[in-house]
Amino acid sequence: MSLADLTRPKQAIGRRVYLTLATASGASVMLLWLVLSHGGFVGPDFLPTPGTTLATLAELIGDGSLARNIAASTKVVFAGFLLAIVVAVPLGILMGSYQAVAALIEPVTNFIRYIPITAVVPLLILWVGIGIEQKIAVIFLGTVFNLTIMVADVSAAVSRSLLEAGYTLGASRGQVFLRILVPASLPGAMDAMRVNAGVAWTYVVVAELVASNSGIGFMILNAMRGLFTDVMFVGILVIGLLGLATDQGLKGLRGWLLPWARHGK
Amino acid sequence: MPELHIENVCLSYGAGPVQVIDNVSLTVPEHQFSVIVGPSGCGKTSLLRMVAGLEKPTSGRLRLGDDVVTGPGADRGMVFQSYTLFPWETVRGNIEFGLRLKGMPKAERKDISDHFLRQVGLAGFADTHPAHLSGGMMQRVAIARALANDPSILLMDEPFGALDSQTRGLMQELLTRIWSENRSQILFVTHDIEEAVFLAQRIFVMGARPGRIREIIDVPFAYPRTIETLTCPDFIRIRQQVLAAIREEVLKMRPEPAEA
């Protein structure tokens with residue numbers, strides 16, 4: 001392994017070098033955090049030390065509040081995102097398969113998906129109220145439009161010759177849709193779900209902005225009032241880990257449900 | 001097994017129409033292995049796609065026996081040049097796809113898929129998914145899938161075009177073997193002259209721009225054909241004859257002769 005190998009595009013670098021570089025990158029962030037907090041460069045009200053953060057994490061696990069908040073947020077994110085899947089996947093497949101459906105839905109979808117979800121939170125309060133429905137609606141609206149468009153792209157990209165093969169085997173139009181277009185779109189649809197599951201978690205703080213009394217987003221917002229930066233840090237780390245766990249879960253689900261669809265890696 | 005009739009078929013594209021096919025008529029008799037050969041761009045694939053019902057002629061008509069072709073149907077099976085196996089189905093699932101559409105009971109389907117799995121030499125791969133197969137194996141499954149549906153005619157659009165030449169040779173031999181067992185009616189399209197002569201009972205040589213039938217050549221060799229067929233004097237003579245016809249067509253398509 002030489003420097004030349006590292007700078008050649010698409011050159012494989014080997015597992016050991018990869019792990020070394022990845023570890024170095026993570027360690028640098030930790031080192032920077034240690035130096036900034038322990039070195040007195042940033043005050044403890046603004047940046048807790050890693051030690052304090054860990055102690056707070058242990059404390060929040062110990063008193064059961066972290067588990068309660070995780071459960072509350074997970075419920076909101078999963079409910080909102082499952083609704084988005086139920087709407088977006090069938091709609092997206094239809095949209096990518098039938099130009100008429102695309103003409104009906106695409107202009108509206110493309111307009112709405114550029115509106116920041118924060119801009120409609122006041123409207124949601126007015127329409128849906130301030131209960132859990134409002135929080136679920138934020139997650140749903142934050143993901144459903146992009147998921148629809150991404151699934152539509154997937155089904156539009158299904159090879160025409162696959163459909164023609166179906167027709168020459170005697171399939172009707174309906175059978176070509178249900179027995180060819182739908183299964184052929186599923187792997188791509190699951191990839192789109194993984195991307196948007198990450199997005200769903202990023203909306204958890206926005207969802208818990210209004211009238212919440214539990215949830216990781218609530219925990220972070222509440223910590224702000226008392227300048228508990230260590231709690232905020234725990235909250236941020238936990239959201240990252242929950243996002244990662246959701247992603248791995250969906251990846252596993254894809255492999256289990258669709259073993260025939262290998263990743264083009 | 002009804003005859004295929006192509007009657008005065010023309011095909012044009014666009015408003016200031018580009019004529020792709022000009023007044024083609026031909027008949028593929030029962031049980032015949034016919035091959036259409038022509039230079040690229042002569043419209044041979046379009047002609048085959050019209051037989052399949054995947055494209056409509058601008059004028060003229062196509063019929064299988066008394067049935068005029070109006071769209072695709074299970075009576076005209078097709079093997080495509082690109083790989084068109086359904087990746088979510090196993091090899092057996094692919095072969096049984098058309099039978100399931102017909103609602104055939106499982107036991108009956110299994111008998112048929114077993115038969116064609118054996119015929120294409122993939123008996124050990126029934127439960128494999130297409131992603132684990134080589135290109136040649138995928139095309140063998142595609143042939144089995146089309147034949148399992150028991151079509152009146154099998155349409156093949158350069159099915160071996162994407163394969164390496166060794167595999168292609170083996171596939172050609174396999175196809176003549178299958179044909180000599182089934183005697184199904186085949187219309188096969190290729191630009192490969194050697195392939196055309198090796199496979200066909202009758203060759204339709206197409207001319208280009210617009211596409212039309214230029215010559216009909218009968219090939220007398222017995223089936224199944226083998227690698228020895230390739231070297232017999234008659235084979236070389238017929239190949240030469242087709243080559244000369246196609247070369248003339250290719251030269252006609254060039255705006256000017258190439259400089260030395």
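Helices (H or I, at least four residues) and strands (E, at least two) are DSSP runs, numbered from the N terminus. The model is predicted, so local features are taken only at pLDDT of at least 70 and side-chain atom pairs only at pLDDT 80 or more, while totals for chains, interfaces and linings use all residues. Residues are numbered from 1 along each chain as its sequence is written, and side-chain values use heavy atoms, with hydrogens and water left out.

**Exercise 1.** Locate E158(B) and describe its backbone and its burial.

*Solution.* Begin with the position: E158(B) sits in the loop between β7 (153-157) and α6 (165-182) of chain B. Next, take the backbone, where phi is positive at about 40° although E158(B) is not a glycine. Finally, E158(B) is buried (under 20% relative accessible area, with a 1.4 Å probe and protein chains only), its own value being 9%.

**Exercise 2.** Determine how the buried residues of α3(A) are arranged, and what covers them.

*Solution.* Helix α3 of chain A runs over residues 50-62. Its buried residues include P50(A), T53(A), T56(A) and L60(A). An α-helix has 3.6 residues a turn, so residues three or four places apart point the same way. On the other side, L54(A), E59(A) and G62(A) are exposed, which is to say over 50%. The cover over the buried residues includes α2 (15-38), α4 (65-97), α11 and α12 (229-257) of chain A.

Note on methods. Chains lettered and ligands numbered in written order. Expected span 1.5 Å × (residues − 1). Arc of directions from axis to C-beta. Contact = heavy atoms within 4.5 Å.
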